[in-house]
Amino acid sequence: MTLFFDHLVHQVQSPENMKVFLNKRHIHTVNGGQHTMWGTYNTLSYFGLSYIEQIAIYDHALFEEAAKLPYSLHYTFKQDNERYGFSRIALRTTNIEEEAQRLSALGFEVYGPDVCSRTRPDGSVVEWKLLHFGKQEQEIDFPFFIEWADSDEKRKEQLKASGALKATQNISMESVQFYVQDALTTVKEWQEVLQLSEPEAHTAFVSLHLPNIRLDFYEEAAATKMMLGRKCEGPFGVTLRDTDRTKETLIFPGAFYWLNP
């Protein structure tokens, strides 16, 4: 079963401010909506069907309840003392029920699939299923899985019609950077669990390839130089390819957007 990269989660103080800033930097970003079951809301930067989600809490009581679900995005944010920055990645599947069975058979704690939804600014509702999994001794959270109610083709049409996906923007997501204590061990485990091809070893990092993105894993010495000393395992950067601009770096707490021509 093939998994595709779906989105990168960026925990922020104000999605509204992020939207204004990113649009000024010519990264098309739109309002997402509210997750009324979790007490969160977001803005979204789409690059095809892949996207970066800038998310924040609007109702702490709802968030605290949601954070009780182990290995969920909200659980991670709570365990991380609500630290701003890149938090998790989500992988897209069309076989989420089968994935739940497969992961359970591998000995993971599995939660879901759960039916979720978000209300768009225009009042329409987006629906999907989420699957979370993990194990007690893990050093870094695995990706969580998502299955959208609509097909990729229909979602792309909807995103174009709503203006969320801008036809004139020529930016793609190339890779996500992670800091881990032991790159080879983490990569080997992710490769096996996510059923990916053999990793590639580079001078400063080790890579895994999904069909639509590359995941780069850095150990402390290399990662510290890139992320200005931050030492918290997990994603810390995203590389965006934009042939219409010169090289640029956008720096936020715990998150780096590297734009390359």
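**Rings and a helix**

The charged end of Arg 155 lies over the ring of Trp 148, at 4.2 Å from the ring centre. Please keep in mind that this is a predicted model. Across the whole structure, a search turns up 22 aromatic pairs.

**Aromatic pairs**

- Phe 178 and Trp 190 make an edge-to-face pair, with 5.5 Å from centre to centre and 75° between the planes.
- This pair ties together parts that are 12 residues apart in sequence, because Phe 178 belongs to strand S9 (residues 171–179) and Trp 190 to helix H6 (residues 183–194).
- Both Phe 178 and Trp 190 are buried.

**An aromatic cluster**

- Phe 178 and Trp 190 belong to one aromatic cluster, together with Phe 108, Phe 133, Phe 142, Phe 145 and Phe 217.

**A look at helix H6**

- At the start of H6, Asp 182 has a side-chain oxygen that comes to within 3.4 Å of the backbone nitrogen of Leu 184.
- The 12 residues of H6 should span 16 Å at 1.5 Å a residue, and this agrees with its end C-alpha atoms, which are 16 Å apart.
- Trp 190 is one of the buried residues of H6, which also include Ala 183, Thr 186, Val 187 and Leu 194.
- After H6 comes Gln 195, with a positive phi near 55°.

Methods: Residues numbered from 1 in each chain as written. Predicted model: local features only at pLDDT ≥ 70, side-chain atom pairs only at ≥ 80, totals over all residues. Heavy atoms only, no water. Phe/Tyr/Trp six-rings, centres within 6.5 Å; stacked < 30°, edge-to-face > 60°. Helix = DSSP H or I, 4+ residues; strand = E, 2+ residues; numbered from the N terminus. Buried < 20%, exposed > 50% of the residue type's maximum accessible area, 1.4 Å probe, protein only. Lys NZ or Arg CZ within 6 Å of the ring centre and 35° of its normal. Expected span 1.5 Å × (residues − 1). Polar contact = N/O pair within 3.5 Å; in protein donor to acceptor, adjacent residues only side chain to side chain.
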